[in-house]
Amino acid sequence: MKAPEHPSPAGLVGPAQTSAAAGAAASGAAGEPAAHGAAEGEPDEEPESEPPPGRSWVERLYLREIASGLARTFRHLVLERPFTTDYPDEQLPYNPRARGEHILKVDEQGREKCVACLLCEAACPSKCIRIVVGPSPWPDRERYPVEFEIDMLRCIYCGYCEDACPCDAIELTPKPYSVYDNREAYIYDKEKLKNNYPQDWRERFSGGYGKLTGPPYRGEGGDRSLIR
Amino acid sequence: MPLGYQRLVGAVQEAYERGLLGKGIFGIDGFDVEIDDPPRAPAPTSAAKRRGCSPRWRAAGATPSSSPLSPAVSGLFGCPTVVNNVVTIAYLPYIFGGFGRGGDAEAGIAWWRSHGTEKSPGLMPYSISGHVRAPGVYELPLGTRLGDMLELAGGWERPWKAVIPGGSSAKILRLPESLDVSMDFEGLMQAGTMLGSAGVIVMDETVCVVDALYNLLRFYAHESCGQCTPCREGTGWAEKIVARIEKGQGRMEDLDTLLGLADRAIGKTICVFAEAFCWPIQSCIALFREEFEAHIRERRCPLRAGPRAAAGERAVGAGAH
Amino acid sequence: MSIWALLVIVGILLIVLHIPPGMIWAERKVAARIQGRWGPTRVGPFGLLQPLADAVKLLTKEEVIPRGAERPLYYMGPLLAFVPGALALAVVPFGHDMRVGDTVIQLQIADLHVGVLFVLALTSLAVYGLAFGGWSSDSKYPLLGGLRSSAQMVSYEVALGLAVVAVIMSAGTVSIREMVLAQQELLFGFLPAWNVFFQPVAALIFLVAAFAENNRLPFDMPEAEAELVGGYHTEYSGMKFGMFFLGEYVAMTVMSAVMVSLFFGGWGLPGLTDPHDTSVGNALVSAAVFLVKVAALLFFYIWVRWTLPRFRYDQLMRLGWKVLIPLALANVVVTGLFGVL
Amino acid sequence: MDKVRFRIDGIEIEAPPGTMVLEAALDHGIFVPHYCFHRALSVAGNCRMCMVEVRLPGRDGKLEPARKPSIACATEVAEGMEVLTTTPLVTEARKGVLEFLLINHPLDCPVCDQAGECDLQDFSYEFGEAFSRFREDKLIKHTKDFGPEVRFYGNRCINCTRCVRFTQEIAGSCDLVQVQRGGHNVIDLAPGRVFDHPLSGNVVDICPVGALVSRDMLHRVRVWHLERTPSICPHCATGCNIEIHTQDEVVHRLKPRHNPEVNGYWMCDFGRLGYKHIHAPQRLLEHRWQPRDRAEGGRLGFQSVIELVAEAIRTAGPEGTWALASAWLTNEELWLFRRLFGTEQVALIARPPWQERRFYPVWGDSERNPSLPRQRERGRLLEDGATFMIAADRNPNRTGAERILGEQACAPARLDAFVNAALAGQVRCAVVLASMPDYLPPEPLAQALAAVPETVVVDLADGPLAGAATIVIAGAAWAEKRGTFTNGRGRTQRLEMARPTPGQARTELEVLHALGTQLGRPMGPCSPRRLFGELVGEVAAFAGLSWEGVHHQAPEWSPHMAAQPRRLPVLSPAALVRQRGGGAG
């Protein structure tokens, strides 16, 4: 099998060359730009799609490329240290502005700060918030959420609810998304939301956690993470 | 019950007894003149103004209304209505009845013109109050020089600082610079203020202008009828700001706020009450700005003994809006 | 059958059955490290028990069988993919002969005189497993995967066979045992007399064809995930899928073992093993050498997998039919000419 | 009288003299923000929000720029006047007013029920400023329940006095007054009063802010969730135009829809709260079979129940079958009813009127309401000087029934005939299409129905009617139907479906259509629109009407109505108050 080294584009060659190229193509010598078969140095292919000019058949065996590829992967295998973190033993620090699960904040007396205005519900693009409004049992406000549910499976953690809240009652903590084995567990009710950012998580994000690397968590004004 | 009110009611009763009021007076059948009791309810000042000839006279609220253009044609209950000041009515007999001149109206008019200036003839009862030795009502010809008037009222031992020439809603004037002002309609207009009710309030150098303004505004906040928005909200707001400045808790931007709210209130209300409470604000700040700034800077009233912004006094305005 | 032969069978079986789990672990680890990850770390030290966990998972998974599946063939598929490949190991010598007392024990289950042909015959049977599995699933992806797989394996078997023909021609025997023994000499005093030096072209063709036979990257067309979901085993779940999985690794092991025996001197390594010594120690060392060689080839399998991209199917076919087969034929002719000369 | 020609923002406008600039502007699509102005009320001019710049021609005929803005609501139009609504003078004036309004207004929009439909929010957003210079303490005013329907939040009040004027001019009760003065100015109940007037709910509608809110809907929903469906109030023969506000298929409130010829801007509290029966716990959600003589029976699917009814009708034969329609059925349903049962052995059941005595319009007492003559001049009043009318007839479509089934079929005598026939044992099967809330059948009727062997009742809720039945079909409430009602004065108006029927309930149209099909009658189309088309063609009283024409606010009167206007008996508010005190409504 012999093929012209630099097959020219059909329109630029003479009749003889054209017929030779056509003959070569007809003889079925069209082949494979890659690899293993032609180690002996036999010319092996006439690609049907013409290769870019200026590349010899030796180059088109791509042996050098294969070898260098193997070398590179081998170098990775032997020399380079993995750069992954060993989650969950090792956790990267969260940005203080990371948006994880919600918390429903309470005041000094443990009452929800939420006044059930439903602005978060209105702002929510995934419609994951469900609030049942009722007259509040306390004299200093009129309405409060009798039920407050967030469907964490629907939530996209966009933080719009936090932006919409007029009384800082809902907040997205850096606590990452939890995993459960049943769907019901993903629907957080009011009690769960109120206690969704417990002490150990707060310590964790303020640098108190063992394998935490990176700068400790600091909220704006120092009290962002506090339940207030 | 105020003395003036008692006298008014007494005079009306007397007129009824003598047959000058009531049905068929002067023996003419069908010539009825009735005088209603003035409303005893504490009507706000604004309701008593000229435009207070309200179709709501019989309704509960004494509030001015956007009045017809001419009450004398169509006023109360759609009838011709004339509302006049007591002073006007009191002078009528002197002028038209020629009272004391033998019932000659011409003579009365001539007598009236013999007083006062060309454009403002006649007499005016000036109610001079404040820092003069003999405060009281002085009936003087229009156009009397302010300085003469104050000397007439006895003068004062300390230098004067300011005068409000035409009732509390008139713009304030600085003394002694304005002692030569002619106390008539035109002269005061030239001086940038007005004759108004001719209530002359004189203040000497011991008077704090801020405190005086606060006093005025407290009055206006109380007297606003509350019908239309700029006056209802503006009077209370201005009072609170000036109270704060007087207590030494003011801020420099408060002065701009005061002038701004005055701008926004003037000319936007049904009656002229907005002007009434805004003109003192504007003139006091214009003429005595350094005194306001001293209050704010020193955080106390410079004219009172001791700092007024004592610790423990409640911070005004925390958390508003 | 002597007790020794039974022991050898058991031993080889044990070794062979442990290679796929090890491969799985190694595959995942090597892949991970090449990609800058850690790979399995949670199950056992260094994640060594990961294959066990995988096995437990596969065994406990629900078996889902498509409604339209051709049941008998569907069940046979995984078996055919696994068993013949494993059987081929019977003729591969795992080490030098071992004399215990009076008995000479061959570390080989059966020394067939037609060993190479036996290997070829059995490995080509595996294509049935794939074709059955693909066709009987009654699903388009497996069907396409099975079709591709049969076409590919049939194509490359020719090249593979022709490469072996050249080796047979130069070795003059079809017994793997004899071939291995023939490679224990030294050439020119320093070069092992391995067939790879006599038949480099055949070795290369065999290597490439072995990749294709095992459906390994860069020739894993039958299960190209991007196009065919899972190829012929798309509809398999649980341990049936596990059998396919196992079959692939066993087939790789067999191919490596055959290749070591045919081209890389089998259990011999000059200087370490002595072909004339039949002591137990020498036999064990030779077995270890064999296993290391196999492991090295298996590593090469993995290494290539995580280095090279997948071929297109037409490229694959073109390479097989237009390059490898002519080349192998030419190689046979050249070998024949040398033999005549 | 000649019209006055003037210009607003450069647009040439003609208006009759006496028109206020604000009205003229709104009529011509130029929006001028306003709070205290309401078209149905007298002009107060106290919010100062509608200030515009008015330029009048001077002596020389040239327009002179205004020194200060005027309020558009109290400025009468004048020849050659030029009104500008967007000059810097006006913009600044609006900003000023909004700043003043907001200084004492609490920022409690999140908990305010008005949020979302609040003029203060809207105007602040559009015309106001984003900040306030107010740094002082806000004034605190009282919050209290004015009456059973209305709660007052003094802090939110902007003292526009619309509510006060409403009680003076429309309701005539003068229940609400402004007390205190200055910044402490606040709305309160007149001494000794309770705001339980039957029109009290309207002050919630006219309150531009959240000061007066509905106790019925307090904290229940946020208005931006509500879907609005135009419809007709069914609770009396007035046929007030309303909007049904629903969220997730639950009706949350009814609001009046402006129709100057029916209800103006208003509706009464009976109608306003008259949606509760839609979600009543006693609501029928499935079809039942409860034979008199046997123990079995139970729930049935729709097709089965229709088969059962058809079987009963066939068994009874034409002579033994009577059908009763209620005055709550739509015209389309009545038309199908007539096609199915004819006009002979049918009768009409209806809720009894408010009271035995019929009242005539007594509202609009000009002694108490000095602005009334002016309103009459402007054509704001309904006939006879009444500001609003509640019909004594508590059924929405008696007129329609009379037109379709005939006067005789709807007369009480026919019902008596049915009762007599039933008690005499001549009736084998009775079909009752009731679907009326709070309907208590009179004692003879209940006895008669119980005496009929097969009684089929289509109704909304479990009650005496459903109790007397052998077959109960769950029907649809008025908010779940499309169709038309013809009100007491002969005006045909369209109601729209605001929510689907709950459970297995079906509209009467579906029931009648399925029944007719089951009986083998040619039923034709089932859509209300096409049935109305048939009705227009077949019944003379509906001739000339069109489905589109009777929709929404189109002021189309039926020719029948135009030829013979009927006087509608209405009630005095005092009587209604007494009735409500007795627990009616």
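In this predicted model, the largest nonpolar core holds 115 residues. Within that core, the residues with the most contacts are D:Tyr35, D:Phe418 and D:Trp478. The surroundings of D:Tyr35 can be listed, leaving aside residues up to four places away in sequence. D:Tyr35 touches D:Cys47, D:Met49, D:Leu98, D:Leu101, D:Leu120, D:Phe123, D:Ile158, D:Cys160 and D:Pro208, among others. Its contacts also include D:Asp119 and D:Arg162.

The next topic is the contact between two chains. How many residues does each of chain A and chain D bring to it? Chain A contributes eleven residues and chain D nine. Together the two chains bury about 890 Å², and carbon and sulfur atoms account for 61% of this area. On the side of chain A, A:Cys117, A:Glu142 and A:Arg143 provide 54% of the area buried against chain D, more than any other three residues.

One of these residues, A:Arg143, also takes part in a salt bridge: its side chain meets that of D:Asp113, at 3.2 Å from N to O. One salt bridge is found across the interface of chain A and chain D, along with six residue pairs in polar contact. Helix α4 of chain A, residues 119-123, gives the largest share of the side that touches chain D, with three residues. By type, the residues on that side of chain A are eight nonpolar and three charged, with no polar ones.

Definitions and conventions
Residues are numbered from 1 along each chain as its sequence is written. Chains are lettered from A and ligands numbered from 1 in the order in which they are written. This is a predicted model: local features need pLDDT of at least 70, side-chain atom pairs count only at pLDDT 80 or more; totals for chains, interfaces and linings use all residues. Side-chain values use heavy atoms; hydrogens and water are left out. Contact means heavy atoms within 4.5 Å. Buried area is the accessible area (1.4 Å probe) that two parts lose on being put together, summed over both. A salt bridge is a side-chain nitrogen of Lys or Arg within 4 Å of a carboxyl oxygen of Asp or Glu. A polar contact is a pair of N or O atoms within 3.5 Å; within protein, one must be able to donate a hydrogen and the other to accept it, and residues adjacent in sequence count only if both atoms are side-chain atoms. Helices (H or I, at least four residues) and strands (E, at least two) are DSSP runs, numbered from the N terminus. Ala, Val, Leu, Ile, Met, Phe, Trp, Tyr, Cys and Pro count as nonpolar, Asp, Glu, Lys and Arg as charged, and the others, Gly among them, as polar. A nonpolar core is a set of buried Ala, Val, Leu, Ile, Met, Phe, Trp, Tyr and Cys residues joined through side-chain atoms within 4.5 Å. Buried means under 20% relative accessible area, exposed over 50%, partly exposed in between (1.4 Å probe, protein chains only).
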